[in-house]
Amino acid sequence: MNYVSYFKFKGTLNNDSKYPALSLIAFILKIIALVYLVVGLIGTLIMSFVWADEAGKMAEMFGAGKFNFLSALSSFFFSLLGGIIITILIFLLIWAYAELILVLMDIESNTAKK
């Protein structure tokens with residue numbers, strides 16, 4: 001499957017449709033999904049560094065005596081992994097909702113033809 005061509009907005013803004021508002025909503029949802037993906041991944045990376053720093057400080061505060069690098073490293077990777085999974089999942093849900101609108105419009109246009 002060619003993943004690059006999958007993200008094209010082909011057929012999203014269909015001017016000859018009976019439902020131009022639904023086409024516009026599907027287009028806006030795809031834009032929101034892509035913006036969410038980019039912002040979510042950048043935010044996940046930033047917050048993983050913050051949480052890693054806090055985990056290292058917490059280990060220092062509660063008995064390690066110094067900044068605990070392994071605690072910070074494990075916190076970084078687990079928060080990064082969890083954040084990426086959640087971001088991609090929400091991106092796919094928003095994208096799927098936009099595609100659902102387009103599929104329903106296609107079904108309607110195919111059943112209306114005689």
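**Exercise 1. A serine pair in α3**

In which helix is the place of Ser79? Then describe its surroundings.

*Solution.* 
The model is predicted: local features need pLDDT of at least 70, side-chain atom pairs count only at pLDDT 80 or more, and totals for chains, interfaces and linings use all residues. Residues are numbered from 1 along each chain as its sequence is written, and side-chain values use heavy atoms, with hydrogens and water left out.

- Step 1. Ser79 sits in helix α3. Helices are DSSP runs of H or I with at least four residues, strands are runs of E with at least two, and both are numbered from the N terminus.
- Step 2. Check the accessibility. Ser79 has 16% relative accessibility and counts as buried. The classes are buried under 20% relative accessible area, exposed over 50%, and partly exposed in between, with a 1.4 Å probe and protein chains only.
- Step 3. Look for polar partners. The side chains of Ser79 and Ser48 make a polar contact at 3.2 Å. A polar atom of the Ser79 side chain also lies 2.8 Å from the backbone oxygen of Ser75. A polar contact is a pair of N or O atoms within 3.5 Å; within protein, one must be able to donate a hydrogen and the other to accept it, and residues adjacent in sequence count only if both atoms are side-chain atoms.
- Step 4. List the contacts (heavy atoms within 4.5 Å). Neighbours within four places in sequence aside, Ser79 is in contact with Thr44, Ser48 and Trp51.
- Step 5. Turn to Ser75. Ser75 is in helix α3 and is buried at 18% relative accessibility. With neighbours within four places in sequence again left aside, Ser75 is in contact with Trp51, Ala52 and Ala55. The C-alpha atoms of Ser75 and Asp53 are separated by 8.7 Å, and these residues are 22 apart along the chain.

**Exercise 2. Salt bridges**

How many salt bridges does the count come to? Place each partner.

*Solution.* 
- Step 1. Apply the rule: a side-chain nitrogen of Lys or Arg within 4 Å of a carboxyl oxygen of Asp or Glu. The count is 2 salt bridges.
- Step 2. Take Glu108 and Lys18. Their closest N and O atoms are 3.1 Å apart. Glu108 lies in helix α3 (residues 69-112) and Lys18 in the loop between α1 (3-6) and α2 (20-64), so this pair ties together parts 90 residues apart in sequence. Lys18 is exposed, at 59% relative accessibility.
- Step 3. Take Lys30 and Glu99. Their side chains form a salt bridge at 2.8 Å, N to O. Lys30 is in helix α2 and Glu99 in helix α3, so the pair links distant parts of the chain, 69 residues apart.
- Step 4. Compare burial. Lys30 is buried, with a relative accessible area of 2%, whereas Glu99 is partly exposed at 25%.

**Exercise 3. Surface and totals**

Which residues form a nonpolar patch on the surface?

*Solution.* 
- Step 1. Set the rule. Patch residues have over 30% relative accessible area and no salt bridge; like charges are joined within 9 Å, nonpolar side chains (Val, Leu, Ile, Met, Phe, Trp, Tyr) within 5 Å.
- Step 2. Name the patch. Val38, Ile42, Ile46, Met47, Val50 and Trp51 together have about 540 Å² of accessible area. Areas come from the Shrake-Rupley method with a 1.4 Å probe; for residues, only the protein chains shown count as cover.
- Step 3. Check one member. Val50 lies in helix α2 and is partly exposed at 38% relative accessibility.
- Step 4. The protein has 3 helices and 0 strands. Of its 114 residues, 25% count as buried. The accessible surface is about 8,200 Å², with 74% belonging to carbon and sulfur atoms. Among contacts with a separation of 6 or more, residues 24 or more positions apart account for 65%.
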